[in-house]
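Have the sequence and the model open as you read.

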Amino acid sequence: MDEHEQLARRFEENRGHLRAVAYRMLGSVAEAEDAVQEAWLRLSRTDVSDVGNLGGWLTTVVSRVCLDMLRSRKSRREDTLDTYVPDPVLGELGPEDEAVRADAIGLALLVVLETLSPAERLAFVLHDMFGVGFDEIATIVDKSPAATRQLASRARRRVQGAPTSDGDVSRQRVIVEAFMAASRGGDFEALLSLLDPEVLLRADAGAASAQYAGPAVSKLVRGAKAVVEQALMFGRMAPYLQVATVNGMPGLITVVNGRLMGVLAFTVTDGLITELDILADVERLEVVPLPA
């Protein structure tokens, strides 16, 4: 095995970890893959013979790439950000991502991460999710370790208010299946019984909100009764719902003639649905692979 092949093998050993870091940084599957590919290009052009911890070196590189990508994004209008739903990851994760499966990140948390500044997001993701030290993070964001701690602390306060699922996969699947059955049957009371009174529905339909009238628009809906009414408006799509793994937990997808038309991610707390995040942006869904 020559030097280049050995380097490629070592990179592949770290790919799952790097993709997990980039996805949490960016909330975009495609951008995360771009960031990982850029890390490989930089590795292939660099002499790393004296690097003792290649995984740490690659994590730093991909983090810098993600930081640049976050900073270069066009700022979204606040009303657009309110209804923005990040890219979902569907189906079971591959064998190489076993560590990622154990620490899957929900769409509801990714939504909150979108509200952070690029430096806050990087500091929080690297330190709180991957255990990277503040001294190392400080070199990436070009701040002192103390200032980097403050970045992570501010981010943590924002994230602490994010809804989180109980993490009981079997219990959530039962609730998701009940939601699907009630939606198909148009059962108002059954749907209502599954929702927390203060439930939040966030729907991201992308450009459709500006082009089309009707229910398929980006919106925020609060309160159980209002959410049920929205769910019943989509009754014609209910027959196309199917259970799928969405970011590591049971959720629903809408598939029509083999085409992915919607993804529903559920946050379930104490047996009730506290948040529903729906991505119905057909353009973005075109690049999301359907689960097997």
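What follows is a quick tour of the domains and the interface between them, all based on a predicted model.

## Domains and annotation

The unreviewed entry puts "domain: RNA polymerase sigma factor 70 region 4 type" at residues 108-158. That stretch, residues 108-158, is 78% helix and 0% strand, and its end C-alpha atoms sit 13 Å apart.

## Where the two domains meet

How many residues of domain 1 are in contact with domain 2? On the domain 1 side there are 19, and they touch 20 residues of domain 2. Between them the two domains bury about 1,500 Å², with 60% of that on carbon and sulfur atoms. In domain 1, the residues that lose the most area to domain 2 are Thr 83, Val 85 and Leu 90, which together make up 36% of what that side buries.

## Polar links and make-up

The count between domain 1 and domain 2 comes to 1 salt bridge. Asp 87 pairs up with Arg 284 in a salt bridge, and their closest N and O atoms are 2.7 Å apart.

As for who does the touching on the domain 1 side, helix H6 (residues 107-113) supplies the largest share, with 4 residues. Sorted by class, the side of domain 1 that touches domain 2 has 13 nonpolar, 3 polar and 3 charged residues.

Methods:
Residues numbered from 1 in each chain as written. Predicted model: local features only at pLDDT ≥ 70, side-chain atom pairs only at ≥ 80, totals over all residues. Heavy atoms only, no water. UniProt positions renumbered as here; feature names shortened; annotations may be inferred. Helix = DSSP H or I, 4+ residues; strand = E, 2+ residues; numbered from the N terminus. Contact = heavy atoms within 4.5 Å. Buried area = accessible area lost by both parts, 1.4 Å probe. Salt bridge = Lys/Arg side-chain N within 4 Å of Asp/Glu carboxyl O. Nonpolar A, V, L, I, M, F, W, Y, C, P; charged D, E, K, R; others polar.
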